[in-house]
Amino acid sequence: MSENTAPHHDDDVHSAALLSGRQPALTGCPWHDVNEMLQSAGLRPTRQRMALGWLLFGKGARHLTAEMLYEEATLAKVPVSLATVYNTLNQLTDAGLLRQVSVDGTKTYFDTNVTTHHHYYLENSHELVDIEDPHLALSKMPEVPEGYEISRIDMVVRLRKKR
């Protein structure tokens, strides 16, 4: 089974929006584009969603935890609680605008690149980085139990500095 990465973030947004039925009309203006993305995904563009979306999507492809986004929002003087950040991230994930990636079962990152791709986790700096190999392939898959299907494969390759 081959897992390919996509070349451009706008394509990711378009494919996520297609799942909801409406293609956003992106202009390159982050505030306008966030509004379009939210509406195309069926989410009301509230002030808090707009502000958090601008922080998330206004800087290209990113991997953020809820705590990282909350800290950015606080520094940007966006009045939101950590609970609102979590709720918004989960709503954006459910709408297909973000992809959730778990590391160790204790740390969850939200990825603005929703295409099929894998990650390196840099243990020393706690960073998640896209693996840029479109030809990465899993050679053997386990037998899937009856009544189930594979919804997604997430490979996280953990790296640490040599000692």
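Student: At what angle do the axes of helix H4 and helix H5 cross?

Tutor: Two packed helices are described by the angle between their axes and the distance between the axes. Here the axes of H4 (residues 66-75) and H5 (residues 82-94) cross at roughly 120 degrees and come within 9 Å. H4 is therefore oblique to H5. The crossing of H4 and H5 is right-handed.

Student: What do those terms mean?

Tutor: Helices (H or I, at least four residues) and strands (E, at least two) are DSSP runs, numbered from the N terminus. Axes are lines fitted to C-alpha atoms, for helices over the stretch in contact, and angles run from 0 to 180 degrees between N-to-C directions. Under 35 degrees is roughly parallel, over 145 roughly antiparallel, 65 to 115 roughly perpendicular, and the rest oblique. A crossing is right-handed if the near helix is turned clockwise from the far one by less than a right angle, left-handed if anticlockwise.

Student: Which residues of H4 and H5 make the contact?

Tutor: From H4, Ala66, Glu67, Leu69 and Tyr70; from H5, Leu82, Val85, Tyr86 and Leu89. Contact means heavy atoms within 4.5 Å. By class, the residues of this contact are seven nonpolar, no polar and one charged. Nonpolar covers Ala, Val, Leu, Ile, Met, Phe, Trp, Tyr, Cys and Pro; charged covers Asp, Glu, Lys and Arg; the others, Gly among them, are polar.

Student: What should I know about the model and its numbering?

Tutor: It is a predicted model: local features need pLDDT of at least 70, side-chain atom pairs count only at pLDDT 80 or more, and totals for chains, interfaces and linings use all residues. Residues are numbered from 1 along each chain as its sequence is written, and side-chain values use heavy atoms, with hydrogens and water left out.

Student: How do H3 and H4 pack?

Tutor: Their axes are 10 Å apart, at an angle of about 110 degrees. H3 and H4 are therefore roughly perpendicular to each other. Leu52, Leu55 and Leu56 of H3 meet Leu69, Glu72 and Ala73 of H4. That contact has five nonpolar, no polar and one charged residues.

Student: How many residues of H3 are buried?

Tutor: Buried means under 20% relative accessible area, exposed over 50%, partly exposed in between (1.4 Å probe, protein chains only). In H3 (residues 47-57), eight of the 11 residues are buried, so this helix is largely enclosed by the rest of the structure. Among them are Arg49, Met50 and Phe57. Across the protein, 37% of the 163 residues count as buried.

Student: Which residues have a positive phi?

Tutor: Most residues other than glycine have a negative phi, and most peptide bonds are trans. Lys77 has a positive phi of about 60 degrees. Lys77 sits in the loop between H4 and H5 and is exposed, at 72% relative accessible area. His126 also has a positive phi, near 55 degrees. His126 lies in the loop between strand E4 (119-122) and strand E5 (127-130). With a relative accessible area of 45%, His126 is partly exposed.

Student: Is Leu98 buried or exposed?

Tutor: Buried, at 4% relative accessibility. Leu98 lies in the loop between H5 and strand E2 (99-103). Its C-alpha is 5.0 Å from that of Thr112, 14 residues apart along the chain. Leaving aside neighbours within four places in sequence, the contacts of Leu98 include Leu56, Phe57, Leu89 and Phe110.
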